[in-house]
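The following note sets out points for a colleague to check against the displayed model. Please read the numbered paragraphs with the structure open.

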Amino acid sequence: MTLGAVSGVGHQDTGVASALLNTAQQIGGALGLAVLSTISTSAANDKLPDAASSLFRGLATQDLPLVAKAGEALTRGYTTAFIASGAMFLGGLAVTFPAINAGKQEHTEGTAPVHMG
């Protein structure tokens, strides 16, 4: 992925391009986790309000029907978030493949080749 991000970038700007890629990965990961957590919590709370607290309360009081109901609600939330992450992946895939235009890089005379790693 790094090679795709720095292809076509001038030798003097490869460090900046690599840093921008790393920053985008970190922000994207944090934002993605926040979105998926929100989706999961919302879906679980639609089935059973305050599902996570209900699970712990049911475990503490040994209320097995409440534990089962909370477990079902949380499973629904996780399933919904998993489906949403799959949809986001497919959307990203649909955008990425047409956007990639990196071909084989040719070495220019008078400059040293850039080595990654």
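Helices (H or I, at least four residues) and strands (E, at least two) are DSSP runs, numbered from the N terminus. This is a predicted model, in which local features need pLDDT of at least 70, side-chain atom pairs count only at pLDDT 80 or more, and totals for chains, interfaces and linings use all residues. Residues are numbered from 1 along each chain as its sequence is written, and side-chain values use heavy atoms, with hydrogens and water left out.

1. Overall architecture. The protein has 4 helices and 0 strands, and its elements run α-α-α-α from the N terminus on. Contact here means heavy atoms within 4.5 Å. Among contacts with a separation of 6 or more, 54% are between residues 24 or more positions apart.

2. Accessible areas come from the Shrake-Rupley method with a 1.4 Å probe, and for residues only the protein chains shown count as cover. The accessible surface of the protein comes to about 8,600 Å², and carbon and sulfur atoms hold 65% of that area. A residue is called buried under 20% relative accessible area, exposed over 50%, and partly exposed in between (1.4 Å probe, protein chains only). Of the 117 residues, 18% count as buried.

3. The loop residues with positive phi. Asp50 lies in the loop between H2 and H3. Its phi is near 55 degrees, a positive value in a residue other than glycine. Asp50 is partly exposed because its relative accessible area is 47%. Gln62 is placed in the loop between H3 and H4, and it too is not a glycine, yet has a positive phi of about 55 degrees. Gln62 counts as exposed because its relative accessible area is 67%.

4. In helix H3 (residues 51–61), the residues Ala51, Ser54, Leu55 and Gly58 are buried. They lie on the same side of H3 because they cover an arc of only 105 degrees around the axis, the arc being that of the directions from the helix axis to the C-beta atoms. Phe56 and Ala60, on the other side of H3, are exposed. The buried residues of H3 pack against H2 and H4.

5. The largest nonpolar core. A nonpolar core is a set of buried Ala, Val, Leu, Ile, Met, Phe, Trp, Tyr and Cys residues joined through side-chain atoms within 4.5 Å. The largest one has 8 residues in all: Ala44, Leu48, Ala51, Leu55, Val67, Ala70, Ala73 and Leu74. H3 and H4 each supply at least two residues of this core, and H4 gives the most, with 4 residues. Leaving aside neighbours within four places in sequence, Leu74 is in contact with Ala44, Ala51, Ala52 and Leu55.

6. A buried serine. Is Ser18 buried or exposed? Ser18 counts as buried because its relative accessibility is 19%. Ser18 belongs to helix H2 (residues 14–47). Not counting residues up to four places away in sequence, Ser18 touches Thr2 and Val6.

7. An exposed leucine. Leu90 lies in helix H4 (residues 64–99). Leu90 counts as exposed because its relative accessibility is 54%.
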